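Please open the model in your viewer and keep the selection panel at hand. The stops below say what to select next and what is to be found there.

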Number of protein chains: 4
Amino acid sequence: MAALRLDESASGVFAIAVTPFAEDGALDLDSATRMVDFYIGCGVSGITILGVMGEAPKLAPEDSLAVAGQVIAAADGRVPIVVGVSAPGLDPMRALTGAVMDLGAAGVMVAPAAGLNTDEKIEGYFHAVCEALGDTPIALQDYPPSSGVHFSTALLNRLFDDLPTLKVLKHEDWPGLRKLSQFRAAETRRVSVLVGNGGLFLPLELARGADGAMTGFAYPEMLVQVCEIHAAGEHDRAEDLFDAYLPLIRYEQQVGIGLAIRKETLRRRGVIATAATRAPGPKLDTDDHAELDRLIARLDRRLDALGIARKNV
Amino acid sequence: MAALRLDESASGVFAIAVTPFAEDGALDLDSATRMVDFYIGCGVSGITILGVMGEAPKLAPEDSLAVAGQVIAAADGRVPIVVGVSAPGLDPMRALTGAVMDLGAAGVMVAPAAGLNTDEKIEGYFHAVCEALGDTPIALQDYPPSSGVHFSTALLNRLFDDLPTLKVLKHEDWPGLRKLSQFRAAETRRVSVLVGNGGLFLPLELARGADGAMTGFAYPEMLVQVCEIHAAGEHDRAEDLFDAYLPLIRYEQQVGIGLAIRKETLRRRGVIATAATRAPGPKLDTDDHAELDRLIARLDRRLDALGIARKNV
Amino acid sequence: MAALRLDESASGVFAIAVTPFAEDGALDLDSATRMVDFYIGCGVSGITILGVMGEAPKLAPEDSLAVAGQVIAAADGRVPIVVGVSAPGLDPMRALTGAVMDLGAAGVMVAPAAGLNTDEKIEGYFHAVCEALGDTPIALQDYPPSSGVHFSTALLNRLFDDLPTLKVLKHEDWPGLRKLSQFRAAETRRVSVLVGNGGLFLPLELARGADGAMTGFAYPEMLVQVCEIHAAGEHDRAEDLFDAYLPLIRYEQQVGIGLAIRKETLRRRGVIATAATRAPGPKLDTDDHAELDRLIARLDRRLDALGIARKNV
Amino acid sequence: MAALRLDESASGVFAIAVTPFAEDGALDLDSATRMVDFYIGCGVSGITILGVMGEAPKLAPEDSLAVAGQVIAAADGRVPIVVGVSAPGLDPMRALTGAVMDLGAAGVMVAPAAGLNTDEKIEGYFHAVCEALGDTPIALQDYPPSSGVHFSTALLNRLFDDLPTLKVLKHEDWPGLRKLSQFRAAETRRVSVLVGNGGLFLPLELARGADGAMTGFAYPEMLVQVCEIHAAGEHDRAEDLFDAYLPLIRYEQQVGIGLAIRKETLRRRGVIATAATRAPGPKLDTDDHAELDRLIARLDRRLDALGIARKNV
């Protein structure tokens, strides 16, 4: 089978996958397989693994390859798999990229190294990255709360103009609505813009030119439907659906503990076997569980009121 | 008239007020008066002026005093007025505090100076502040995204234990739900906890022991009602009302441009004459205005669907 | 007398002045006068007041004007006085600038506001500053450890190309030697580059094209001589002199307590009456005093060994 | 041979080793062997590898083990080898620790993970680290400019009181002289304090209770002698020697390019074959080389003037 390759036409929802662990922190590859089927059942266009929410920095290289291999095999060509390869050095980044592309990945995701604090430095860095990674398709992640690196819009346009292997802008600067409009207005090559931040602003971002989302909210079927309904021109219906989930999106959007909330939600939905994170990682306590119970129950009631059938996953 | 004084019993909603300007940046004191009546008409328990969202750092000292004087006079003892006095030096802080307390302020709000990066340094700072400000009642602002200063929960408890003039914790660390629970569980003197962040987590925070909110969302009447309905034990009804506004709360929760959104909303509601901010400050463009139109129209439809009458303000 | 005006020919040493206080924190204007005579006696080309080391953020506006007025009057046209006017808002910056230029200042110094994290934002900011300040000559301060703002070299060149009222680059990025070389190589209008950081790299920076220093080391006569001897082509002799003071320069180069060290050294030299800083500010303890005793004694012995006569100040 | 183990008696100089590369970025293990002999010839008490200056984050795990194995074998029990194992996750940290201790390392060095911004969080982190690493002796690195994490003195004392496997405080907060004095005064168990920052304040730190240095200045023989002479009570002679090298210490103390300067100096001294760093990494240009030529020539003349014989290495 010819491998799927990430390109500028990426749209819809790329699920940012968690990395499933057993309670003792061992990889849980069975859950990884189930998760792939779940995401594909939700209608996603692709899956992105080994990002920040995939606890990539806490994995040994052999763990990373095991996860990538399992996910790519489970997807079996049904959707493209993008692999996060951000690293402080270009050598480990190149090595991991080569290995996952050999396994059948569709492309890689790269966030800038810490400490790049001027346009010049960021620009030099991505030129070096693209040279190091050859013809591998790349999703550039613009996520300042995690990287501490800030891209100006002009710089983003320049990078995508100059570096043809950059295919997707994972846009999650915040606030970033105007940045998205300006990026679109100035681009000379039409690339894919997929938004992050759990989808918190998804309907507004679709209206401003985003092609979809690359994010990990625990109800990806909703994000998929919102993209589809919006594409069909029914903007208010898309936003009605979205707003029903907004209390939970907001709840998941808590840096740190958000990962534990997301994993626990996926666990409750039968996707992964445990909500365990690797140390040092967040854990829910009794109050958190009660809060999540309540918010999920409220979501159910709201969906009933809207007459929305639950996706069977 | 005996001046109102801020104390540990503060509850409900303290509105974080904007500072109204004319288009040329001059103070618009008529709008300030109208704003006070608006907030009081919304049912707020108090008003806080000259915070970050009040553009305090862009005011000359005489501007600050003019605003404080006008607001305190307009309130005329109906609700307590808290004044932000954060400053890099204790001398200007003490001077401003003395002046506004003489004008009839009920207390002051203090955020830590930039660069305090250990518990020891923060602790030393607030001991010095409290000594400098004598018996003035103080609301301590814990807002890391603005101050860059991080309080551990143990430190907050220690500060409130040791410093009796600290009356209110303005809690807007994020994520901060567990911090709020832990603070309450460990406190030895019951103080007021009022939450910020535009109220984004208000219902959850009330359930975890908050006494109310000190924040500036442009529909304060909703925050007031949520606090009241929650206090009456109708938690789901409170959250239903809250959720109707959540798309707008999220929209306002964009650092930087959020202030322009808030001012424009207040302008549309007839509260202030212009949405002008002082330079350097954010401005809405055509896309932003259209987005806000749409979100407000959606809110109206949602309130109609819920059968909620609009507050006449 | 026609006021001196800062321009692109600025060279030699501009002393960054402290603000002298009495033990109780009151302004000590007699010491300010004595300090001006001291600096001029040291051979400085100019004096810069109300910078970070002048504790400007801890001064009330009337204090700032009192200091500026006293220093400008004491200098009496002998050397230009540059006044730090950095402020979060452009209105207070413009007001202070107008007031000090009316008093006879030669120009102002501006550091970027906090939070400017891309080339675009910094560029927009300085265009707004220059427009707000009209034809006032400006020294742009590039000092990331204090401002948290990072200028790329290309951005600095662009700003100086586009904004004719920018006259001086106060260069204290660190490390910054290559930045200085690159700035000089690319500039199209020859402007003044004066270095900071206490002069820690002064001889190397002079060799790379700096015109002098704008810094506050407590022995400015040495910085003046190093500039003069270097200008005369005797680079090794300049560096021999510099190296004798290097242990003390390094000692003063401790953020925070460095100001207390500098003030105490000036006090010991008879320049200012007390070493007091305004709260919150650093204070020397017994260990620090003993260390400073020792380092000054060692300097004296080293100067004797080099046969260098002490400047009588 | 019983493996050497790091303990509270560590003193003198632990050299922070670079990782030698060929021009193409491959590991240069021959140079690693030569480097070990060089350091031991300089009189160091130990060698620390795989720290920030060892470019650890740019090494693949197999590279890290290859370097550790080679260095430990080359040292052959003559001095203890400490290995940097800082990592975002505890699992990789534990795995690397186990592997290098099996190879014969004497202990490990741990810097806090990024983002720990309160005493509580740092304390929790080090308790988890110490539990994960069992009885492995640990050097705790307090280096805020690299980690972004700030320890209060009280916290450091508490950690060393509570966690018996913490043996060494690698102290390189800056400014940090008073912190060192306060830590010593309050400690209940006498531990080793070794200072960093290239040794920039070494004589002052020895006087305040440091036991030596753990740092990578390219002339470690001087650091060793300064420690010895200081220990013999000849404080001025120690400082005279130190001051001769101060211009170069200052020059190396430039974050980023400092590593390239250090490697080039070691290359010139015949220790390593190339000055190559792994990408992204700093490189010296013509100006930098000329500057380094000049500073080294000046050092030679100064040592001659002092009648100090050069260490034959």
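## First stop: a helix residue in chain C

Select Ile72(C), which is found in helix H2 of chain C, residues 61–75, where helices (H or I, at least four residues) and strands (E, at least two) are DSSP runs numbered from the N terminus. Before going further, note that this is a predicted model, in which local features need pLDDT of at least 70 and side-chain atom pairs count only at pLDDT 80 or more, whereas totals for chains, interfaces and linings use all residues. Residues are numbered from 1 along each chain as its sequence is written, chains are lettered from A and ligands numbered from 1 in the order in which they are written, and side-chain values use heavy atoms, with hydrogens and water left out.

Is Ile72(C) buried or exposed? Ile72(C) counts as buried because its relative accessibility is 11% (buried means under 20% relative accessible area, exposed over 50%, partly exposed in between, with a 1.4 Å probe and protein chains only). Leaving aside residues up to four places away in sequence, Ile72(C) touches Ile81(C), Val100(C), Leu103(C), Gly104(C) and Ala105(C), contact meaning heavy atoms within 4.5 Å.

## Second stop: the barrel of chain D

Move to chain D, where strands E1-E2-E3-E4-E5-E6-E7-E8 form a closed barrel of 8 strands with parallel pairing; two strands pair if DSSP finds at least two bridges between them. Neighbouring strands of this sheet are turned against each other by 25 degrees on average, direction ignored.

Strand E1 (residues 12–16) of chain D pairs with strand E2 (residues 46–49) of chain D in the parallel sense over 3 bridges, and Phe14(D) has Gly46(D) in E2(D) as its bridge partner. Next select helix H3 (residues 90–103) of chain D, which lies across strand E3 (81–84) and strand E4 (107–110) and runs at about 150 degrees to E4(D); axes are lines fitted to C-alpha atoms, for helices over the stretch in contact, and angles run from 0 to 180 degrees between N-to-C directions. Helix H6 (residues 153–162) of chain D also packs on the sheet, touching strand E5 (138–142) and strand E6 (166–171), and its direction makes about 160 degrees with that of E6(D).

Show chains A and B together: 35 residues of chain B are in contact with 35 residues of chain A. The two chains bury about 3,000 Å² between them, 45% of it on carbon and sulfur atoms, buried area being the accessible area (1.4 Å probe) that two parts lose on being put together, summed over both. Of the area that chain B buries against chain A, Arg178(B), Arg250(B) and Arg298(B) supply 22%, more than any other three residues.

How many salt bridges are there between chain B and chain A? The count is 24, a salt bridge being a side-chain nitrogen of Lys or Arg within 4 Å of a carboxyl oxygen of Asp or Glu. One to display is that of Arg294(B) with Glu239(A), whose closest N and O atoms are 2.6 Å apart.

## Last stop: chains A and C

Finally, select chains A and C, where 9 residues of chain A are in contact with 9 residues of chain C. This pair buries about 760 Å², 51% of it on carbon and sulfur atoms, and Asn117(A), Glu120(A) and His150(A) supply 53% of the area that chain A buries against chain C, more than any other three residues. The count of salt bridges between chain A and chain C is 0.
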